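Please look over the sequence and the structure before reading on.

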Amino acid sequence: MNIAAKIEQHLSQQSLALIKLISNEATSLGQTVYLVGGVVRDTLLGYPNFDLDIVSEGDAIKLARRIAETTGLKPRIHSRFGTAKISQGKLSLDLATARCETYNRPGALPSVTPNTIQADLSRRDFSINAMAIQLNQKYYGDLLDPHHGKEDLEHNLIRILHPQSFTDDATRILRAVRYEQRLNFKIEPETAHLLQRDIPMLDTISGDRLRHELLLTLQEQYPEKIIGRLGELGVLQQISLPIEDTAGINNTFNIARQVNKSHNLPWLYLCLLIYKLSKAQLNQFAFRLKIAGRLKNILQDTIDIKEQLPLLDNPQITNSDIYHILLGRPPLAIQANIISSQSLAPSLHLQLFLDKLRYVKPLLSGEDIKQFGIPSGTKIGTTLKLLLKAKLNGEITTRQEEEKLVSRLYPTR
Ligand code: CTP
C-alpha cells in the first residue's frame with residue numbers, strides 16, 4: 001500500500017522539505033530510510049505531528065552528519081545509542097539506526113543491536129505505533145505494517161505486539177492509557193487483560209522513568225481523563241499516588257486550564273493531583289518518583305498552605321498577616337490552593353496575595369531612612385518592616401505619608 005498522497009496532505013511543508021532532503025542523502029549513502037512511530041500513526045489519522053522519527057537501515061549518525069553539512073543545522077549525537085536529534089523551530093527530527101532490543105530484566109533499559117526495519121518495528125509498544133513509511137525515492141510512501149496497525153487504527157484499538165510487552169516495559173501501561181484517552185480508542189480485550197495482570201510490574205520501573213511518563217500524561221490536552229482511567233485500573237495506587245476519588249480533578253483541572261495558559265500548567269495539574277494527600281503520603285510519592293528540587297518544593301508548599309488555610313479563613317485577618325503567612329510560597333502552590341480550597345474567604349485572601357500584596361514595597365529605601373538620622377543597622381530594617389506593614393494594611397500610600405511615619409517613629413532626630 002502506498003500513502004504518499006497522505007504524507008503530502010498532512011505533513012507541513014517544512015517537514016516535507018526535510019524528508020526529501022533526508023531521502024536524497026540516504027540514497028546517496030546507500031541507506032534505506034523510514035518514517036516510523038507516532039508521526040505515521042498521526043498521518044494516517046490525519047492529525048498534525050511535528051516530531052519526525054526516522055529510522056535508517058544503515059548508520060544514522062553518518063546520515064545525521066551529512067544532513068547537518070547540507071543544512072547547517074546542528075545535530076545532537078548520541079553515539080552510544082546510534083541516534084541523533086536535529087531541531088528546526090517547531091520541528092524536531094530524531095534519527096536512529098534500525099535496531100532490535102533485548103530486555104535483560106523486566107523494566108531495565110534494553111540492550112540494542114543494529115537490525116532490520118522489521119526487527120525495529122517488532123520491538124515497539126503498540127501496533128498503531130509499529131508502522132513505517134519508506135522514504136527513498138523509488139519506494140516513497142510505501143507503508144510497512146507487519147503488525148496490522150492500520151487495521152487497529154480503523155477499529156480504534158490499542159494492541160500490544162506480544163504478551164510480554166508490559167512485563168518488558170511497564171511504562172507501556174501508562175502509555176496505553178494515554179493513547180486510549182487521547183485518541184478516544186479502546187484497549188483491545190487481550191491487551192487489557194495483560195495490562196491488568198502486569199500492573200505490579202510497575203514496581204520494576206525507575207522513579208525517573210515513572211516521573212517522565214506522568215509528566216507526559218499531564219502535558220496532554222485533557223489529562224484528567226487519563227488520570228481517571230489510571231485510577232480505575234489501580235495504576236495510581238501502584239505508583240504511590242493513593243487517590244481514592246479522581247472525579248474531583250475534572251473540575252479543578254478544567255479551572256486550571258482557564259487560569260493558567262503558561263508552560264507550567266502540567267506542574268499546576270500535579271499540585272492539584274496531590275492536593276488531598278497528607279504530607280507523609282506526598283513524601284512517599286516524591287521519593288518513589290524521584291521528584292526533587294523546585295518541583296518537590298512546590299508540591300510540599302501546596303500541602304503546607306492547605307494546612308494553613310484555617311488561618312486565612314478569618315474575615316478579620318489583616319493584609320500584613322496574609323502577607324506573612326504566604327511570603328516566599330511559590331505562585332503555583334498558591335494557585336493550586338485557590339483552585340482546590342473549598343471555602344471562599346481563604347481563596348479570596350490567596351488571590352489578593354497573588355495579585356497585589358506580594359508586590360507591595362515601601363517607596364523609601366534604607367538610604368532614604370538614613371537621611372532621618374537613623375544609623376545603619378537593625379533599626380533601618382525594623383523601620384522598613386513597619387513601613388511595609390502600614391502600606392499593606394492601607395494606612396499609608398504616598399511617599400510623603402511614609403516620610404511622616406518615619407518622623408513620627410523617631411521624633412527626637
Ligand atoms: N516506543 C516504544 N515503547 C516505549 C516508548 C516508545 O515502543 N516505551 C516507540 C513507539 O513506536 C513510539 C516511538 O517509540 O511510537 C516514539 O516514542 P514517543 O516519542 O514516546 O511516542 P510517539 O509515538 O511519538 O507518540 P506521542 O504522540 O505520544 O509523542
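## The chain as a whole

The model described here is predicted. Its chain contains 22 helices and 11 strands. The radius of gyration is 28 Å, well over the 22 Å that the globule rule gives for 413 residues, so the chain is more spread out than a compact globule. Taken along the principal axes, the box filled by the C-alpha atoms is roughly 95 × 50 × 40 Å.

Of the 413 residues in the chain, 49% are buried. Among the contacts with a separation of 6 or more, 66% come from residues 24 or more positions apart. The accessible surface amounts to about 20200 Å², and carbon and sulfur atoms hold 51% of that area. As for charge, the chain carries 50 positive and 43 negative side chains. The centres of these two sets are 6 Å apart.

In what order do the seven strands of the open sheet stand? The order is 3-4-5-2-1-8-9, and the pairing is mixed. At the edges stand strand 3 and strand 9 (143–144), each with a single partner strand, so one side of each is left without a neighbour in the sheet.

The table lists pairings within this part of the chain.

| Strands | Sense | Bridges |
|---|---|---|
| Strand 1 (residues 32–36) and strand 2 (residues 51–57) | antiparallel | four bridges |
| Strand 2 and strand 5 (residues 91–97) | parallel | six bridges |
| Strand 3 (residues 76–78) and strand 4 (residues 83–88) | antiparallel | three bridges |
| Strand 4 and strand 5 | antiparallel | six bridges |
| Strand 8 (residues 132–134) and strand 9 | antiparallel | two bridges |

Beginning at the edge formed by strand 3, the reader finds Ile77 opposite Ala84 in strand 4. Strand 3 and strand 4 form a hairpin with four residues between them. In the turn of this hairpin, Gly82 has a positive phi of about 65°.

Strand 4 also forms a hairpin with strand 5, and here two residues lie between the strands. The turn includes Gly89, whose positive phi is about 60°. Across this pairing, Ile86 has Leu93 in strand 5 as its bridge partner.

Strand 5 pairs with strand 2 in the parallel sense, and Ser56 stands opposite Thr97 in strand 5. Strand 2 in turn pairs with strand 1 in the antiparallel sense; there Leu35 faces its opposite residue, Ile54, in strand 2. Towards the other end of the order, where strand 8 and strand 9 run antiparallel, Ala132 has Leu144 in strand 9 as its bridge partner.

## A mostly covered helix

How many of the 10 residues of helix 18 (residues 331–340) are buried? Nine of them are, and the helix is mostly covered. The buried residues are Leu332, Ala333, Ile334, Gln335, Ala336, Asn337, Ile338, Ile339 and Ser340.

Which helices are included in what covers the buried residues of helix 18? The cover includes helix 13 (248–259) and helix 14 (265–273), as well as helix 16 (293–312) and helix 19 (344–355).

Key
Residues numbered from 1 in each chain as written. Predicted model: local features only at pLDDT ≥ 70, side-chain atom pairs only at ≥ 80, totals over all residues. Heavy atoms only, no water. Rg over C-alpha atoms; globule rule 2.2 N^0.38 Å. Buried < 20%, exposed > 50% of the residue type's maximum accessible area, 1.4 Å probe, protein only. Contact = heavy atoms within 4.5 Å. Areas by Shrake-Rupley, 256 points an atom, 1.4 Å probe, with all protein chains shown as cover. Lys, Arg positive; Asp, Glu negative; His and termini not counted. Charge placed at Lys NZ, Arg CZ, Asp CG, Glu CD. Pairing = 2+ DSSP bridges.
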